[in-house]
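Subject: Structure handover

Hello,

Please find the structure below. My notes on it follow.

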Amino acid sequence: MFAYIVRRMLYAIPILIGVNLLTFTLFFVVNSPDDMAVSQLGEKYVTPEAIATWKKKNGYDKPLFVNAGAEGSEVLTDTIFFSKSLKLFAFDFGRSESGRDITTDVATRMWPSLAVALPNFAIGIWVNICVALMVVMFHATRLDRWAVFVFVSLMSISYLFYIIGGQFLVAKTWKLVPISGFNIEAQPWKFLILPVLVGVVAGIGSGARWYRTLFLEEANQDYVRTARAKGASEISILFKHILPNALIPILTGVVVLIPSLFMGSLLIESFFGIPGLGSYMLDAIKSQDFAIVRSMVFIGSILYIIGLILTDISYTWADPRVRLN
Amino acid sequence: MKPILLWSDALIFLLVIALCLFFYRLRRDPQTRERWGEVFSSRLGMVTFTVILVYVGVALLDSLHFRRALEAPEGLETEEIFYDNKVTSVLDVMLLGMGDRFERTYSAPFALKSFEKKNMKDEQGNAIRDFPPLEHAGRHLEDPAERWPDVAARSLTALLWGVLAAAVIIGLQWLALRRSTNPWYASWGVQAVVICLFVWMVNISRYYHILGTDLGGTDVMYQSLKGVRTGVLLGTLSTLIMLPIAVTLGVMAGYFKGWVDDVVQYLYTTLSSIPGILLIAASVLLFQVYIDLNPDFFSIGMEKADARFIALCFILGVTSWSTLCRLIRAETLKISQLGYVQAAHAFGVSHSRILGRHVLPNVVHIILITFVLDFSALVLAEAVLSYIGVGIDPSMGSWGNMINGARSELSREPTVWWTLTGAFFFMFALVLAANLFSDLVRDAFDPRTSMRRSEA
Amino acid sequence: MRNNHPVQLLALVAIAIGALLSACGEPPWNNPHPPAPDELMIYQSVMTPAPPKHLDPAISYASDESLYLMQIYEPPMGYHFLKRPYELLPLGVEDFPQLTYLDEAGNEVEEGDDNVAFTRYTLTVREDEHYQPHPAFALDGEGEPLYLFDSPEAGAAFRQIPDFPQTGHRRVLANDYVYAIKRLADPLNGSPMLGFMAQYIVGMKEFSERVAGVEREGWLNLDDFTMKGLKVLDERTYTITIMGRYPQFVYWLAMHFFSPIAPEVDRFYHNPGFDQRNLTLDWWPVGSGPYMMVQNNPNSAIVLERNPNYREDFFPTEGEPGDLEKGLLADAGKPIPFVDRAVYRLEKEVLPLWTKFLQGFYDRSGEVHGNTNGVFDQAFVVGPDGVEMSEDLADHNITMSPDVKPGIYYYGFNMRDPVVGGYTEDKRKLRQALQIAFNTEEYLNIFYKGNGITAHNLIPPGIPGHLDGEAGVNPYTHDWVDGEAVRKPIEYARQLLAEAGYPSGRDARTGEPLKIFIDVQSQAIGNTSMNWMDRVFSELGVQVEFRPADWNRTREKLLTGNTQIYSHGWLADYPDPENFLFLLYGPESPLLCKCDGANNSNYGSEEYDDLFRQMRVLPPGEERAALVARMVELFRQDAVWLFVYYPKDIYLNNSWVYNTKRHGISKATLKYLRLDTEERARKQVAWNQPITWPLWATAAGVVGLIMPGVVAYRRRQNATARKAAERTRN
Amino acid sequence: MSASVEIRMRVKDLRVELAENGEEILKGVSFELQAGKIFALVGESGSGKSVTSLAAMRLLPEALVITGGAVHVGKQDLFDLSESRMQTVRGRRVAMIFQNAMTALNPVQTVGQQVAETLELHTTLKGKTIRQRVVQLFAEVGIPDPESRFEFYPHQLSGGQQQRVMIAMALACEPDVLIADEPTTALDVTIQEQVLDLIRELTQSRELAVLLITHDMGVVRNTADEVAVMYRGEIIEKAPVDEFFHNPKEAYSRRLIDALPDLTRFQSVAVEQPLLQLDDVKVHFPIRKGVLQRVVDYTRAVDGVSLSIGRGETYALVGESGSGKSTLGRAILNLEEIAGGEISFKGKPIGSLSRRAMLPYRKEIQVIFQNPYSSMNPRMSVGEIIAEGMISLGLGLTAGEREERIGQLLERVQLPREYSQRYPHEFSGGQLQRIAIARALAVEPELIICDEPTSALDVSIRAEVLELLQELQREFGVSYLFITHDLSIVPSLAHHVGVMQLGKLVEQGSAEQILTAPKHPYTQALLNSVPRIDP
């Protein structure tokens, strides 16, 4: 297993290089370093000298990928791409175009993201499983058909409507919780209720429907019939046999997301004013802050790859049949 | 009049033709027929399919574009005809100018007066500030109190016409299909409702704004209808664009294995490890720059918006091919172990022929399932992307742009709720129908679910 | 647990709701602010839509940043809070600067002398000007700075300024002002002022070049270098020498660029490793103003607190006419500041911001964006009598402090464009026709909720050269009827267009419709306003094409003159007509100066340029006013811009906010603000009574959903094979 | 109830319908189970025998519904019980074991837990006692080292042991009735024998009443006391086992009995003219390990096999699953790379030819696969399927000629010509296998590799297909390499037999020699487990 993990990590390196190459290409087709300088320096009194200074200060005064003027290996190494990516691999994200230290920002913004994403994720799964189990218990009745219809309806509503509706009703009309924000000093949990509620409700449709399918798939397995033949009751079959088995596909679908929870949710965070990484990313896109985008893409890719590895490991944990090799 | 064929028009009609051909060819394949039969033998299948067809129909009508010719200027003799720079579609014509009846600014559904006060002069010439009456709503009424009776009376007449039209259309179908065992009546029910609604809408909208007007005074109903084309096209074209990449790479990886497989796996792992939204945002910005740098490519604004739209479809396609590719790779791996591919090897059948005759036709169901599943997801994604600012060109009507614009309206006092409502219902109906339909298609085509049924 | 699953779920829901209700305690439950001691006067405001990027007074050049900077720093000069037109006051210095005129050789000459080559400004620092407490001033036993570290590790324990246990403070010295100007010249700081000020301040360019060449590690003491134009005469006196005559220079002294910076602060922030933790002057400003920064978290809030060392300062005793009636002079003569702490929370979205304001959790809306940036103003309508609210909100007694911003937003023609540019009579008529067709009044009403004024002049109100009433009307587009300016009828525009060679909007020779291209910034314009413009011009038969692009692309086009009609805006740096008239000064054209010039219309009129050169060096007075009037006339006659308006900024205040008057140029107004916190607490409770029935309804709904399932399950458990068969049969 | 025969379960007039359309699946099935006796219910797939067992337990899937009849256990009619009461009957009084133990066991629970669950459900035993009881049961059903096996997961046990666990689970609460639904079908023959022995033994020792459901007449012959033949939802014949085998009343029963092998008649060995020769053929699959995935070892799937097949003769390659026999077949077809040795066809080496170079030989060597359903592309018509080889191997026929030939071939495999327009899913397994034969014959090969061509077919169909293959051999002189796990079909078919175990050919020789005088112990074991009708 150790060898397996090491191998997966080695495999991650070319992927991360590829990711970097892609982000660089995309971003610099859009933006020249001059553009970045202009948008960071503001709109008034931007002189070419100021631009040149900014570029030098931020390390954008080199060629992008190939430095034709350099000697030997510096043709490739004395470039923006090489110098900026190398640091990423050392987890040195440097400073954003506006001069903030990205590592500090990421480290501080990670927690609010997690504070929303983790309960959202955990409660979401729990609720979805409960709902799905209940529906499965009544499966092949009219109730089941209606439940599926409701699930499909729920998942046909755009996420934006859940957020807008939730804010409008719960916070604005009923005044039960603050409408937005996140304040560690002022009972932070009360800011989380609404985003988590919205996230969970919005996820019920697709989540519960998916779990229902998984449960039903398991319910048709032979071992369930064996359990029935043993005289086990419906509920005990559901919890003792179907659930542990269905957890395997659930886990694999879900574990890959766990590391990415650090990245937060773009929409929830920006609507609810939560200072997490999701809104950080959105702001970076909007202000075209390449250093942040690049770092976030890098972090996102790493987390995704970790997610994949975790998925494999969780397989071995949930399913005794699987062994890594 | 000068017909205009936008790129997206061309693509959508190409897609429709391709789909028709595809289904025509598939008629021979009994298994596919049986499965489709299964989809259409349920009432739900009929209903949802009809709803989707209605949307597609609206989208197609809205994709027949032309530019109106300008009248020759007085006192000038020229051979050349000049055209309006605004692009009109057949749908616009069918709506009898619904999109041309502008108000000053917001007005509520069926309102007679504007939603916002304006400085005016009364008859005595005194400056007053009040809600001005609307220009295109209730002008025929003498007394505002007559409004609701008038609406009711007009609705009734319109409905009668609607029923008549529906009777004709459904009657014709009945003659052709009465021997069919499929529950066509369900479809007819939907058709009747849709036809009645349409006739009613077109009729009433000449006298009132059914869903009110927005900030710029445009009819919200009209905007919602214009959003149909965007939604439907985005949902279909994105998948269409990604199909060749995903299928080619997936099939090759699964069939040839070895280094081909390694390369393809590397490609899609890399791509899918980038947070999707960042990739899309960066790509959309990229294309925006391209448009900005080459303004001469597009003679009219619509073409520019269209180019951006196609680009968005393309980007959504390119960034989402990895899922389908993975599925197809897995399926191809499975198929290439199956007896008939082995047998084909034993018969010395060439790779290309095995791919073409044995592998491809047997992954079509995955493509199909992906196509219908992705459709609704893409329609929903559009709204989110527009919110982030990397969606549809703002000059092109879309539900996402409507929602995006309506965000601040909700915070008004009193609330402007109708734009959001319009976008919500039009979007919800389409996505719901597509989701339900895709469920049926998946049930019918997914070997796993069909296996389950046969066991039972 | 497996047998009572639904019951368990129910219990959990009930417990959750119960916990929620009990934990929330006293309403308002939705209070987003942490509890605070009652005796403190805390001002709750917002930073929006983004946190400031720079707080270094040498670097920052954005109005949302000066909102904080101007409370913390005190530049030599400032503006009177209430008086209009804007009036300069000495702030950090005792009096207005003493001007001395010098010739080439450095001899004093008379003001009117033709040989004036330099002007020397002499300033005297106030005696009671004092810095805020800050660790940079903390000294050890030997009087050496306490917090100087040799390595990043040594100072690693300190992550924020409040982490430093020791602080110190000292008087502001004349050298601090000089040091600040030297910082502007240090190219490493990248100050936006460097290029501009180097044209004026003697020796700045040389200084900059010299410093650029110095090898440095860590802090570079700028005191070791001299700038020719700067001199410290004694502890409290310093001089600045500028080239030639530049009467507007005194206005620059009112900007934060010229506020004092203590060298030890600069040195402190250059401690090794500090910048990795955002311990920089760009992040933690240190000034002598009424407030100091105690928290800077760009992710949630910026908190300012009263500077305990702030000098003596009082509320002004006079204002402009009407201020007394509005109660703005109720606190006249009282010591300021009133507010103890100001909290600026990050709010990005409209709905939450507006909702919290209406719920009474924010005291004032419009601190930065002025409620008029096209997003926030969607929330309410401003009529002639103030905010028009629904009846539900009428008892909120929201008050409004509007102010016409000393700025202009405009769509300009590119005068070099072959279609709309040029100075011939028919081109002028073409542009005038388009100007008339564009109904600015209507545009402002619809898209800016009336928060703007149609401009007849490129100089906004409050600045000399702007005229109100009949005298200020642009006769080419408006008529003066019954005491108000009325836009000329569209028929007249059609006629002008026909005379320009486009009858009915069609080229008289070819019949081709006239098509105009407008470059817009994609983020700044919505579809609705584009449609609106489309409709407006179609009344003339003119076709419009929009070319949306992002700011970088638009800027590129402007630099290359590759536009036809472009959108732009200008906010005054100082209240002088020169600051607006230079927007049309020929040499400022980007095509001519090969720089980021301001004359994006590429307007080139010899007469105008001549007048501008004369006007620039003239002191205010009759002569100058005449020149300005002529230039404005040229601007109107040549119809250089499609339309112009003066944006309005508005404060919306909850009823407990006092002394709020918007100042168009200066942001240093927090010190005047006063709140009635008791009233606020009362209203917050009254307005935020939670509605709890939805909770019970939801709980009941969940039960209602579960029950049929339980029933169905029971029935199945009790079914025999025969019953099951019968059921299926039926 | 007489003292000598205790009737434990009485099924009376059991009727089951399809819920959807009321189609009758069981049309009144009646039988009785006696203590200490094994009652075998025999029938081919679709005859309704499994439905009968599930209906008796009330475990039918929801698509099926019981419409009539009664199942008495003791005095209680199970159909009158509520579902919750029924749960106390299942596993306690009536227990059941299923066909595929691998899937019938919960993969994520240890086998010990699963057996223990039955005890927890129906007894008041707790913790340790249960564990002891389970270990005891494991020992009783012959699981080695029962103590440690308690913690094993199903996949860690062999197929035979899994089935033993199932039996232990069924017997845990000492039920009166045991229903065994095809308990040995998924097992290799040698294991099958052991499991059946166990069931027989337990029936005796525990006085069980056993309902044994099977399609295999050999199993019935060797195990059952009484037998009933089901055909289309009805029991058409019921008799004590000896009587049944000696004197079946129904023609259908006779056909079933006839399908059993006759180990007395063998194919005569003709003069050999070698067509295909294998010389020390090896097929290896690499085993990778470590960070860099280096190849550390090989799985020797085929480990040095040498054999020779003559023109016009049948060589049967016998072995249990995993013995490498199918891999060998694929290697001959050049679908698998060989790691060593040589394959020569008509004296020419073909073992390591490229894809292109192999092309001429494809015409000569053809293949028939085990699963007829997966070996035909469901999207091609039968005509297209048969034509595929003709086209790709360039037989140079015009379209018309091809069509004619397809028609002939179909007729030759006893199918109507018109079938060429139809699609695979319209056919039964037997028909499909005929089409597969026609497809192989289409290119007129000299050698056909038959990879378990009949193992997916019902017994009566199996005989027909084998018959057809033999006919074709006589007619065209084609040779067969017949890969099978089933020794019973060998005597009537093969000239030569090779027995494979773990990649090695442990014994080969003429069919008669191997079947009558096996030398290798493995061959003997295989042979012993073949059910046969002792005269």
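Which residue in S23(C) does Ser401(C) stand opposite? Ser401(C) stands opposite Tyr651(C).

Some conventions before the rest. This is a predicted model, in which local features need pLDDT of at least 70, side-chain atom pairs count only at pLDDT 80 or more, and totals for chains, interfaces and linings use all residues. Residues are numbered from 1 along each chain as its sequence is written, while chains are lettered from A and ligands numbered from 1 in the order in which they are written.

Chain C and strand S23

Helices (H or I, at least four residues) and strands (E, at least two) are DSSP runs, numbered from the N terminus. On that basis chain C has 20 helices and 25 strands. Its C-alpha atoms fill a box of roughly 115 × 90 × 55 Å along the principal axes. Of the 730 residues in chain C, 46% are buried. Buried stands for 20 or more other C-beta atoms within 10 Å of a residue's own, with C-beta atoms placed from the backbone.

Two residues are in contact if their C-beta atoms, placed from the backbone, lie within 7 Å. Counting contacts in chain C between residues at least 6 apart in sequence, 73% join residues at least 24 apart.

Strand S23 (residues 641-653) of chain C has 13 of its 13 residues buried, so it is largely enclosed by the rest of the structure. Strands are taken to pair if DSSP finds at least two bridges between them. The pairings of S23(C) include these:

- Strand S15 (residues 399-404) of chain C runs antiparallel to S23(C), and six bridges join them.
- Strand S16 (residues 407-413) of chain C is also antiparallel to S23(C), over four bridges; here Tyr409(C) has Tyr645(C) as its bridge partner.
- Strand S17 (residues 452-454) of chain C is joined to S23(C) by three bridges in the antiparallel sense; the bridge partner of Thr454(C) is Tyr645(C).
- Strand S12 (residues 364-365) of chain C pairs antiparallel with S23(C) over two bridges, with Ser365(C) opposite Leu652(C).

Contact between chains A and C

The contact takes 49 residues from chain A and 49 residues from chain C. On the chain A side, the elements giving two or more residues are helix H2 (33-41), helix H3 (48-58), helix H6 (102-137), helix H8 (159-173), helix H11 (234-255) and helix H12 (266-271) of chain A. H6(A) gives the largest share, six residues. By class, this side of chain A has 23 nonpolar, 16 polar and 10 charged residues. Ala, Val, Leu, Ile, Met, Phe, Trp, Tyr, Cys and Pro count as nonpolar, Asp, Glu, Lys and Arg as charged, and the others, Gly among them, as polar.

Chain D

Chain D comes to 20 helices and 20 strands. Its C-alpha trace spans about 75 × 55 × 45 Å along the principal axes. A compact globule of 535 residues would have a radius of gyration near 24 Å, and chain D, with 26 Å, agrees. That radius is taken over C-alpha atoms, and the globule rule is 2.2 Å times the number of residues to the power 0.38. Buried residues make up 48% of the 535. Among contacts in chain D between residues at least 6 apart in sequence, 69% join residues at least 24 apart.

An open sheet of six strands in chain D has the order S16-S17-S18-S13-S19-S20, with mixed pairing. S16 and strand S20 (504-510) of chain D are at the edges with a single partner strand each, so one side of each is left without a neighbour in the sheet. Neighbouring strands of this sheet are turned by 15° against each other on average, direction ignored. Within the sheet order, strand S13 (residues 314-319) and strand S19 (residues 496-501) of chain D pair in the parallel sense over five bridges. Gly319(D) has Met500(D) as its bridge partner in S19(D).

H16(D) lies across S16 and S17 of chain D and runs at about 170° to S16(D). Axes are lines fitted to C-alpha atoms, for helices over the stretch in contact, and angles run from 0 to 180 degrees between N-to-C directions. In helix H16 (residues 429-441) of chain D, 11 of the 13 residues are buried, so it is largely enclosed by the rest of the structure. The cover over its buried residues includes helix H14 (382-392), helix H15 (399-412) and helix H17 (459-476) of chain D.

Regards

Notes. A residue is buried if 20 or more other C-beta atoms lie within 10 Å of its own, exposed if 12 or fewer, and partly exposed in between; C-beta atoms are placed from the backbone.
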